[in-house]
Amino acid sequence: MKDGLVVAGVGENGRDARDEGLAVSVVVPVYNEVESLPHLLAAISSSLADAGLSYEIICVDDGSKDGSDRWLKAEALRRNDLRSVLLRRNYGQTAAMAAGFYYARSHSVVTLDGDLQNDPADIPMLLAKLDEGYDLVSGWRKHRQDAALTRLLPSKLANLLIGRVTGVQLHDYGCSLKAYRAEVVADMNLYGELHRFLPALAYIEGAKITEVPVRHHARRFGQSKYGLGRTFRVVMDLLTIYFMKTFLTRPMHVFGLFGLLSTALGTIIGLYLTFLKLGLGQSIGNRPLLILAVLLVVAGVQLFCFGLLAELLMRTYHESQGRPIYRVREVIGKNIK
Ligand code: UDP
Ligand code: MG
């Protein structure tokens, strides 16, 4: 090991002691962003240096295939303000962020995307807001530069839905540019797409949350890693969180409701058939469509409950095992004081 150089191998515990001298740890998840990275790091450095803030940048390479990892490794050996955490493969943005939180040493953590869509010039403003006494400051892309139909509309719906379900109404859950007091993110159990629910998860733990408008730019290089598939996964995560909340306290409210509904539906159909038979004297033994409908309803309810149980089991599995959601290949960086 060279003078002052930290090169951790796989499995090495990365969390260092908090460094009170650092004003902020900037965490960036990176998946195939090699063209953006030089611009991004320059913009972060100049924004924070201009504001007179001491900082460290933690870039987490999430199994890039375009050489982002090599670039980040070389850069971390060259400069003092960067730590590059290279994951073994692509684990997803949530896992990459969780790794970043693990290695962050400042009492304040800021996250932003590696594609220059968020503007590092906004970081000092977010930190000032934290200093006002908030635990989490969420960016709001008031003038978001993404496709309207495939991105803005689904995310508008998602924001409404998430707000309703979690009780924290934000305009823009999906904005990656956020600032957190380190304790808020330090011990979060993240998996799936949960990074976007951080404000809601923090709120459950009693965090004070606010939202401020931030700049947003169109992607200059590369392309978005997400499509409609993510919307689906996010909705599924949301459903799980919702049922998790209810299930833990009153499981009967979940299963009882569906039980009641399906019983009610069966009874109504039964009464209707009885009426046909007794009231109108019709024969009811030859109605395959009706039987099919009943079967579909029953099977649907069963499947839903099974899905739910499976989700809950998975969550219990994740939380009880303490199994990491990512594995680290290498951590490169000089000791930053
Ligand atoms: N990202 C990641 N792992 C992934 C997908 C994305 O670390 O599997 C990073 C990506 O490099 C970027 C951020 O997460 O820094 C957000 O991704 P993207 O810009 O594609 O999402 P969008 O802005 O389109 O929502
Ligand atoms: Mg982006």
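What share of the 337 residues of the chain count as buried? The answer is 34%, where buried asks for 20 or more other C-beta atoms, placed from the backbone, within 10 Å of a residue's own. Keep in mind that this is a predicted model, in which local features need pLDDT of at least 70 and side-chain atom pairs count only at pLDDT 80 or more, while totals for chains, interfaces and linings use all residues. Residues are numbered from 1 along each chain as its sequence is written, and chains are lettered from A and ligands numbered from 1 in the order in which they are written.

Let's start with the overall layout. The chain has 10 helices and 9 strands; these are DSSP runs numbered from the N terminus, with helices (H or I) needing at least four residues and strands (E) at least two. The domain assignment gives domain 1 (24-247) and domain 2 (252-320), with bounds that come from an automatic or database assignment. Taken over C-alpha atoms, the centres of domain 1 and domain 2 are 42 Å apart. Now for contacts, meaning pairs of residues whose C-beta atoms, placed from the backbone, lie within 7 Å. Among those with a separation of 6 or more, 83% join residues 24 or more positions apart.

Next, have a look at helix H3 (93-103). It's mostly covered, with 10 of its 11 residues buried, including Gln93, Met97, Phe101 and Tyr103. What do they pack against? The buried residues of H3 sit against S2, strand S3 (55-61), strand S4 (82-87), strand S5 (108-111), helix H6 (182-186) and strand S9 (328-334).

Strands count as paired if DSSP finds at least two bridges between them. S5 runs parallel to S2, with 3 bridges, and Val109 in S5 stands opposite Ser25. With strand S7 (residues 178-181), S5 pairs in the antiparallel sense over 4 bridges; here Val110 has Ala179 of S7 as its bridge partner.

That brings us to ligand 1. It is surrounded by 16 residues, the closest being Pro29, Tyr31, Gly114, Ser224 and Lys225; a residue is near the ligand if its C-beta atom, placed from the backbone, lies within 6 Å of it. Strand S2 (24-30) and helix H3 turn up again here, as the elements that give two or more residues to this shell.

Definitions and conventions. Buried ≥ 20, exposed ≤ 12 C-beta atoms within 10 Å, placed from the backbone. Contact = placed C-beta atoms within 7 Å.
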